[in-house]
Amino acid sequence: MSSNSTLLDRIVFYPILCEGWKHSMEGPMYHLAGFFLLLGFMGGSGTVGSIFIFALLAIGFFCDVLWGWLDACGLDIFTWNMLLVLTCLLQLAHLVYQLRQHALPEEFDMLYKQVCQPLQVPPQVYKEIVKCCEEQVLPLAKDQTYAVEGKTSIDRLSFLLSGRVIVSQDGQFLHYVFPYQFLDSPEWESLPPSEEGTFQVTLTAETDCSFITWQRKDLYLLLAKDRYIARLFSVLLGFDISEKLYALNEKFFAKFGLRFDIRLPSLYHVLGPASSDMEVEKEPEESEGPAAPLGHSPTFVQTAPAAPCTVSPPAPPAHLRRPRPDSDLSASGSLLRSNRQASAERRAPLAPTQTPEL
C-alpha cells in the first residue's frame, strides 16, 4: 500500500481487517449507554417528543463518558461524549423554556380539554384562537349586566367560562346561559359583518361569572384568514344556538296543554300575539245573539190573561254551560270545532301536534 493512498482508499479499496477480536466484552456502562441511545431515537415529534429524545440522549452519552473514563481509559472518548452531553442539556433547557413560555393559563387549559380536545383541534390552532382574545379572562359580578336590551351594541362575541347568566326580554325570563356556552351567539349569527345592531335581550349575571371575549373585527379577520377556524366556529355556534332554541321549546305550550315543537313550520301563527288577542275577542261576539235591526221598534200586542203556571228560571246561555265530568265529550269537541272555524278566517290553522313516524 502506497503512502499516497487516502483514507477513503484505505477504507473502501484496501480495507484493513481486524487480525484478532477481543474475547472479553466491554463494561456495563457501554451497554447501558447503547440502551439509552436506542430509547432516545424512538422519541416522537413536537416539543414534548423533542424533550423526550434529548433527555435520553444526554443520559446515554453520559454513560459513554463514564465508560471512557473508567473502562476504556481514553481521553478522546471522554472528551467527545462530554461535549455531546453538554449539547443535549443546552437543547433540553431551550425546549423547556419554550414550553413554559407558551403555556396557557388554567382557565384556557380547561377550556381546551372541555371543548376543543373532544373535537381533536390541534393545540397550535387553539393557541391562535386564544391569541385573538388576548388571553384575557374578564370577570362579571353578580347582578351585573353584560348587555342591555336595545342599548348595548353588538361588537363582540363572548364565551362563558364559569357562573350562570339569565337571559330576559321585557323583564320576562327566557333561558339560562351555562358554563362553556356562548353568551351572544344568536346576535352574532343574525348580524352580517357589514352592519351594526343592538341586543334584543338583556343578559344579567345570576352568580359571579368569568368569560372571554373576541372583538368583532379581530375575529372576522381571523375567520377570513383560516378556513379551519371558520368551520370550527360555525360548528360551535350552530350547536350553541340549537341548545338555546331547545331551552325555549320547554316554555311553549298550547292553550289546552299540548306541547308544540319549534321545528314545526306553522308555529309562528300560534305564537303570534295577535292570534291570541283576536281569539279572545271573538268568543264574546259569538256568545251574543243576533242584534235587532236598526230603525225598527218592537211591537207590543195586548192578550188575554193566561192561566197561572209555574215559571221555570231561564236557562243559562250556551257559552256558560259546562259539561259534567261524567258526561260525553262531544259537547266540548263541538265547542272547540266552532272556535277553530270562527278563527280560521283570521289566522292559519294550528300546527299539528303529532308528527307521523318515519
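1. Start with aspartate 109, which is partly exposed, with a relative accessible area of 33%. Its salt-bridge partner is lysine 113, and the closest N and O atoms of the two are 3.6 Å apart. Lysine 113 is partly exposed too, at a relative accessible area of 44%. Both sit in helix 5, and because they are 4 residues apart there, about one helical turn separates them. Bear in mind, here and below, that this is a predicted model.

2. How many salt bridges does the structure hold? There are 3. Another of them is in helix 9, where aspartate 240 and lysine 244 lie 4 residues apart, again about one turn of the helix. Their closest N and O atoms are 2.4 Å apart. Are these two buried or exposed? Aspartate 240 has 4% relative accessibility, so it counts as buried, the limit being under 20%. Lysine 244 comes out at 7%, and therefore counts as buried as well.

3. Then there is glutamate 206 with arginine 164, whose side chains meet at 2.5 Å, N to O. This pair ties together distant parts of the chain, 42 residues apart: glutamate 206 is in the loop between strand 7 and strand 8, while arginine 164 is in the loop between strand 3 and strand 4. Glutamate 206 is partly exposed at 21% relative accessibility, and arginine 164 is partly exposed at 29%.

4. Have a look at the pairing of strand 4 (residues 165-169) with strand 7 (residues 202-205): the two run antiparallel and 4 bridges join them.

5. On to the packing. The largest nonpolar core has 27 residues, and the ones with the most contacts inside it are Leu157, Phe159, Phe182, Trp214, Leu219 and Phe233. Several elements supply at least two residues each, among them helix 5 (106-116), strand 3 (156-162) and strand 8 (209-215). Helix 6 (123-132), helix 8 (216-225) and helix 9 (227-249) are also on that list. So helix 5 holds the aspartate 109 and lysine 113 pair and also supplies residues to this core.

6. Finally, the whole-chain numbers. The secondary structure comes to 12 helices and 8 strands. Buried residues make up 27% of the 358 residues. The accessible surface is about 25900 Å², with 60% of it belonging to carbon and sulfur atoms. Among contacts with a separation of 6 or more, 70% are between residues 24 or more positions apart.

Notes
Residues are numbered from 1 along each chain as its sequence is written. This is a predicted model: local features need pLDDT of at least 70, side-chain atom pairs count only at pLDDT 80 or more; totals for chains, interfaces and linings use all residues. Side-chain values use heavy atoms; hydrogens and water are left out. Buried means under 20% relative accessible area, exposed over 50%, partly exposed in between (1.4 Å probe, protein chains only). Contact means heavy atoms within 4.5 Å. Accessible areas come from the Shrake-Rupley method with a 1.4 Å probe; for residues, only the protein chains shown count as cover. Two strands pair if DSSP finds at least two bridges between them. A nonpolar core is a set of buried Ala, Val, Leu, Ile, Met, Phe, Trp, Tyr and Cys residues joined through side-chain atoms within 4.5 Å. A salt bridge is a side-chain nitrogen of Lys or Arg within 4 Å of a carboxyl oxygen of Asp or Glu.
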